[in-house]
Amino acid sequence: MIDLLPHLINGLTLGLLFALIALGFTLIVGVMEVINLAHGSLFALGAYFALTVIAGSWFSSTPFGAWWLSLPLGLRYVLALAIGPALAGLAGMLLELCLRPTYGKLPLYGLLLTFGAALVVEELIRLVWGTGEQNLALPQAINGAFLLNGMIFSTYRFFASGFSIVAIAAVWLFLERTSAGAVIKAGAHDSEMVRALGYDLARLRLLVFGFGAALAGLAGVVMVPIWGLRPHVGVDIVIPAFLIIVIGGVGSFWGAVIAALLVGLAIGITGAYAAAWSTMSMYLLLIAILGFRSRGLLGRKSALEN
Amino acid sequence: MISLSDIPIRPRAWITPPMLVLAVLLLAAPNLLPAIGLYQYLGIEITIWITFALGFNLLFGYAGLHSFGHGAYLGIGAYAFGLFQHHVAVSLWGGLLAAVLAAGVAGALVGAFLSHRRGIYYALLTIGFGQIFWFLAMKLHSVTGGEDGLLGIPRPPLTLGPWQVALTDNRALFYFAAVLLMVVVVLCWRLANSPFGRVLQAIRQNETRARFVGYEVWRFKWAVFTLSAVIAGLAGSLLAMAQQSAYPDVMSLHQSGLVVMMVLVGGGLVSFWGPVLGVIFYFVARDVLGGLTETWLLWYGLIFMAMVMLRPEGLAGMLYGLLRRSPPRRPGSVSAAATEAA
Amino acid sequence: MALFEVRNIHKRFGSRVVLENISLSFEAGQVSGIMGPNGAGKSTCFHVLTGQHRPDRGEVVFDGQRISGLPPQRIARMGVSRSFQLMNLFDDTVVIENVMLALPAFRTRRLHAMSAVFSDSVLIDQALAVLDQVGLAARAWDAAASLSYGDRRALEIAVALAAEPRILFLDEPTSGLGAEATRRFALLVKRLRERYTIVMIEHDMRFLFELADRISVIHWGQVIAEGTPAQLGDNKWVRRSTLAEATHA
């Protein structure tokens, strides 16, 4: 049983990070009834922008670059944690603008557009950052390992888990305790009503997309030291995110979090027994759950059912 | 916007002018391709993907069921063909049958599960199943060769009674694939224009009403899914012969998504011939643009996005708009041109 | 026994009881009405009767056969047809195809690929005959999406008629229609009643009182009153509620 512990922790860490991605995803879906297949791409962009901030690869040969790289890694990392998601958020808003011609038409078009966007972003990443696997340099403080009870634990995973918990709590606070958050939540329930109350729906959508994208980008920065950083990582992550939303139900905060933890744990545990098959356990979980409750665990009926 | 559901003015014949045009093009291709600086193998690729895309569009365009995991059945067909050659017998018809059966059974099983769902849940499940098949192909090393693929698939000769034709030459294989394609074209055309096809479209337009006027909607959805998988399996067997190998990559989300893009760009949502245009456009883009820049897929993706935003009726729809004024409706109308939303 | 009987239907969604011990019966050849305020459970009742929902308790019997629990397409094929309040048409295609799809003769064709459906004069004539009943024959080849609201309402009924039903359920058929269109619709119903047994949910009290032979009033998920229009005019519940205004108009 004790052998399972590292895998459980891995699974939990993964689950918490998945929760961040899934939250951004479900907010977008909730307020807009659009399935954002490019969500994984925003995740990837967050990570790649962070890479540039930390490693300064674009401008390393300039004087500015030299100064930049002389800054302590810890500082650069913190900046990356802020800048990466911010830029991802901007990309998200750009995507929302592209989606506008598809509003009012069949949901299929939005789906197709985001699918195309995912492809385009992946190709762009290849073009700008190269096709190989990259590494995000981590400050000493959160890197390495430590001993506890005779077992070795990865420091970074603890950091990632803790950070995710804080981030999830922050999102919850934002949605529940701020007026902006209230509008977003209301919009997720009934965007027509929000408009009737005088809010600019177009601006709301833009902001929600930006916010959701930033969350994905944040998850990207934190997750890639574990998950790996390569151009395909966007597509790799959108499927779990997607699965989580469907399992947990579209539009549900806690559904997303709980489902994310479930999926993360499933991957972690199967990683203990049959590592090669752990990612496939997600799909089996999806099929099993959709087989019993076609709206996921906590989902509500939405226009997505056509 | 015109749609697949536009009413045909004249009774739909078995063979139509666009079919003849396609047949002529196929016939001329082996000479045409080199003349415009392309190569023989491309013709085979295009033929295979048109076959795949036509079957796929019955599901995607006509029935409105959005499958993002259909590459799996193409792959299953390819593997089944190859495994048959390796483990049972080197036989063309045996291999084709194995491919079609394997893909058909897989499609029937998945379709049975899927067909009760709708909308985004349907789409997501298709991705899920597609990924599972892809995983199996990657992991079952002893059977499929895993990432390295199933290699050394022969091209068995075509035997019809006393006649035997070798298919080892690309040109010969192309003609064989072209004949199969024309058979699939005629079959799909008849289906699309039969009551079965009209009901599929009714289900797309309003599944609830289709149910309330008495149709067993589940059965139709299941049938069209299985059929599209069968056709994909056939295309897959040709692919195995063409490449002389089978790889997991066709089952990936990436490739499954490619056929979706091809079909939309071509105009599969509004026209029977959309997939044909879409496939040709994709491969020409790949080879012509690809010759100019490494990032041609980026440009194709941008074109795709632009089409979705601005011209979802695709190439076929745009062509139709250029060539006609408005789609006439009354039967016996003088503007004979109208048969063709195709 | 009546043609269509509803016995002690009980239906809840989650914790909300929407229909409580509903019993109704519809005689062949009659026009029956169901009325009641919004949220009373009328539409849910229709959904249960036509198979969209399965009742938690009770049963629905059509012509002696139990139909509750059967899927809607089976019930439809048995001769129970319905129209929808929020219209459900096939909007990508033409008016006549909307009707043709519902014709039993078409439904049995399936794969019959040899027949070019749209040049089959037998089918076309049948469809045109149905359209003629609702006055849309002249617009048979127009796009369904291009019709006016009133014409779409008529098409909505036509599709239900095309299935050659023995009982016809109309869900708020005059919804959104102006006075003139409603009047024409009333004439339509009078013509139809000669051939079909009709059950209507309606908000328009005058319309219902003019056409129906029997009316059931549903409120709070229960049948609170039942009878001929004349009887209902005297009913205390009907008097008491805001319905009273309209009935004495």
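A salt bridge is a side-chain nitrogen of Lys or Arg within 4 Å of a carboxyl oxygen of Asp or Glu. B:Arg286 and B:Glu45 form such a salt bridge, at 2.7 Å from N to O. The structure is a predicted model, in which local features need pLDDT of at least 70 and side-chain atom pairs count only at pLDDT 80 or more, while totals for chains, interfaces and linings use all residues. Residues are numbered from 1 along each chain as its sequence is written, chains are lettered from A and ligands numbered from 1 in the order in which they are written, and side-chain values use heavy atoms, with hydrogens and water left out.

**Chain A**

- Chain A contains 12 helices and 2 strands; helices (H or I, at least four residues) and strands (E, at least two) are DSSP runs, numbered from the N terminus.
- Along the sequence, the elements of chain A come in the pattern α-α-α-α-α-β-β-α-α-α-α-α-α-α.
- Of its 306 residues, 54% are buried, where buried means under 20% relative accessible area, exposed over 50% and partly exposed in between (1.4 Å probe, protein chains only).
- In chain A, 75% of the contacts with a separation of 6 or more are between residues 24 or more positions apart; a contact means heavy atoms within 4.5 Å.
- Chain A has an accessible surface of about 12500 Å², and carbon and sulfur atoms make up 68% of that surface; accessible areas come from the Shrake-Rupley method with a 1.4 Å probe, and for residues only the protein chains shown count as cover.

**Chain C**

- Chain C has 11 helices and 10 strands.
- The C-alpha trace of chain C spans about 60 × 40 × 35 Å along its principal axes.
- In chain C, 57% of the 249 residues count as buried.
- The accessible surface of chain C is about 10500 Å², with 47% belonging to carbon and sulfur atoms.

**Salt bridges**

- Over all chains, the whole structure holds 25 salt bridges.
- In chain A, A:Arg230 pairs with A:Glu133, with the closest N and O atoms 3.8 Å apart.
- A:Arg230 sits in the loop between helix 9 (201–227) and helix 10 (233–248), and A:Glu133 in the loop between helix 5 (107–129) and strand 1 (145–148), 97 residues apart.
- A:Arg230 is partly exposed at 24% relative accessibility, whereas A:Glu133 is exposed at 54%.
- B:Glu45 is buried, with a relative accessible area of 14%.
- B:Glu207 and B:Lys221 form a salt bridge whose closest N and O atoms are 3.1 Å apart.
- B:Glu207 is in helix 9 (residues 207–212) and B:Lys221 in helix 10 (residues 217–243), so this pair ties together parts 14 residues apart in sequence; both B:Glu207 and B:Lys221 are buried.
- In chain C, a network of salt bridges links C:Glu5, C:Arg7, C:Glu59 and C:Arg66.

**B:Ala240**

- B:Ala240 belongs to helix 10 of chain B and is buried, with a relative accessible area of 0%.
- Leaving out residues up to four places away in sequence, B:Ala240 touches B:Ala78, B:Phe81, B:Ile153 and B:Ser245.
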